[in-house]
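Subject: Structure handover

Hello,

Please find the structure below. My notes on it follow.

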Amino acid sequence: MAKTYKNIVILTGAGISAESGLATFRSENGLWNNHKVEDVATIEAYWKNPDYVHDFYNQMRPELMVAKPNKAHLALTELQDKYPSKINIITQNVDTLHEKAGNKNVWHIHGQINQIVCMNCGHVFETWGDISSEDVCPQCGIAAMLKPNIVFFGENLLYMDKVEKLLQTCDLFISVGTSGVVYPAAGFVQVAKFAGADTIEVNLEETSNNYLFDRHIYGKAGEVLPHLVQELIKQKEEA
Ligand code: BV8
């Protein structure tokens with residue numbers, strides 16, 4: 001009898017947005033948009049030179065604002081529409097392509113590029129525009145305390161209470177387009193596996209934690225994920 005699932009968790013990384021034209025983090029030259037990650041995505045880099053980090057994200061925002069979801073994101077919408085079960089998407093991506101594709105239950109554990117947080121009062125607001133250390137918080141009026149609502153290296157992730165529960169109760173864990181080098185996200189598959197979930201990895205190539213996956217589907221997410229979604233939907237119909 002075809003297997004069906006009740007609680008599916010999908011973890012996505014930069015690879016799912018690659019076919020939308022967005023840069024991944026660990027390309028050949030190890031640079032990310034021509035910067036070293038540690039120069040722009042650590043909390044130390046931010047405190048040392050906030051406007052250097054603001055500029056990095058200011059330059060990224062326009063591209064992400066107009067980026068379009070690809071067939072991989074749309075396949076997840078089809079899965080959520082046609083596979084009656086709880087399906088949550090935990091994303092490391094700061095773009096909004098899951099939302100643009102109509103995906104539901106999306107958890108941005110590394111934050112979002114179009115959100116700004118005030119480190120004085122905690123207020124979070126949306127903008128696709130530029131931010132600098134001169135800007136004041138619209139809530140408390142304090143200047144130089146605004147930061148992209150993005151989780152830098154050395155900062156705790158967002159929604160980890162929710163994520164823990166999802167991982168401990170899932171029966172299928174699918175990882176799409178992540179190199180599996182950044183923790184704690186890279187360890188999520190282990191939690192799911194201990195919870196008894198089946199684990200599937202979708203990537204162009206073998207990743208560093210590939211031994212933890214029961215099944216590997218190699219190829220571009222936009223090409224292979226729709227087939228996996230059709231397979232799951234068919235299994236459910238036949239059950
Ligand atoms: C934390 C924000 C507690 C910026 C990001 C030593 C050992 C273990 C851990 C650590 C350690 N030292 C420090 C740590 C912790 C550290 C960490 O993991 N470091 C690593 C590098 C060793 N983690 C943290 O600091 C985290 N916080 O642990 O809190 C704490 C508190 C205080 C002090 C210590 C600990 C915070 C992590 C979040 C950091 N912020 N981003 C931004 O996004 O603007 S991480 C950054 O990497 C992005 O969010 C990105 O999503 C994430 C993971 O990268 P990937 O998404 O996987 O992207 P990548 O390019 O690597 O891979 C793309 C993949 O897609 C590839 O596999 C490729 O083959 C594939 N692909 C490409 N095209 C396609 C495709 N697949 C399919 N189809 C395609 N078309």
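Start with Gln115, which is buried because its relative accessible area is 13%, and the cut-off for buried is under 20%. Bear in mind that this is a predicted model. Gln115 sits in strand E4, residues 111–118. Leaving aside residues up to four places away in sequence, Gln115 touches Val124, Phe125, Glu126, Thr127, Pro148 and Asn149.

Next, strand E7. E7 spans residues 172–176 and is mostly covered, with five of its five residues buried. Leu172, Ile174 and Val176 point one way. Phe173 and Ser175 point the other way. In a regular strand, side chains alternate between the two faces of the sheet.

E7 has these pairings. Strand E1, residues 7–12, pairs with E7 in the parallel sense over five bridges. Within that pairing, Leu11 has Ser175 as its bridge partner in E7. Strand E8, residues 198–203, also runs parallel to E7 and is joined to E7 by five bridges. There, Ile174 stands opposite Ile200 of E8. From E7 the chain crosses through helix H7, residues 188–194, to E8, and this β-α-β crossover is right-handed.

Now the open space. The largest pocket holds about 930 Å³. Its lining counts 43 residues. Ala14, Thr24, Phe25, Arg26 and Ser179 lie nearest the pocket centre. By class, the pocket lining has 20 nonpolar, 16 polar and seven charged residues.

How many cavities of 30 Å³ or more does the structure hold? There are two.

- The largest cavity has about 150 Å³ of space. It is lined by 13 residues, with Leu22, Ala23, Phe25, Leu64 and Asp95 nearest its centre. Eight lining residues are nonpolar, three polar and two charged.
- The second largest cavity has a volume of about 70 Å³. Its lining includes Leu11, Phe173 and Ser175. Also among the lining residues are Gln92, Thr178, Gly180, Glu201, Asn209 and Phe213. The classes are six nonpolar, five polar and one charged.

Leu11 and Ser175 are bridge partners, and both line the second largest cavity. Phe173 and Ser175 point one way from E7, and both are in that cavity's lining.

Best wishes

Methods:
Residues numbered from 1 in each chain as written. Predicted model: local features only at pLDDT ≥ 70, side-chain atom pairs only at ≥ 80, totals over all residues. Heavy atoms only, no water. 1 Å grid on protein atoms, 1.4 Å probe; cavity = no way out; pocket = protein on both sides within 12 Å on 5 of 7 lines; lining within 4 Å. Points joined across faces, edges and corners; volume = space filled by probe spheres on them. Nonpolar A, V, L, I, M, F, W, Y, C, P; charged D, E, K, R; others polar. Helix = DSSP H or I, 4+ residues; strand = E, 2+ residues; numbered from the N terminus. Buried < 20%, exposed > 50% of the residue type's maximum accessible area, 1.4 Å probe, protein only. Contact = heavy atoms within 4.5 Å. Pairing = 2+ DSSP bridges. Right-handed = clockwise from strand over helix to strand, strands pointing away.
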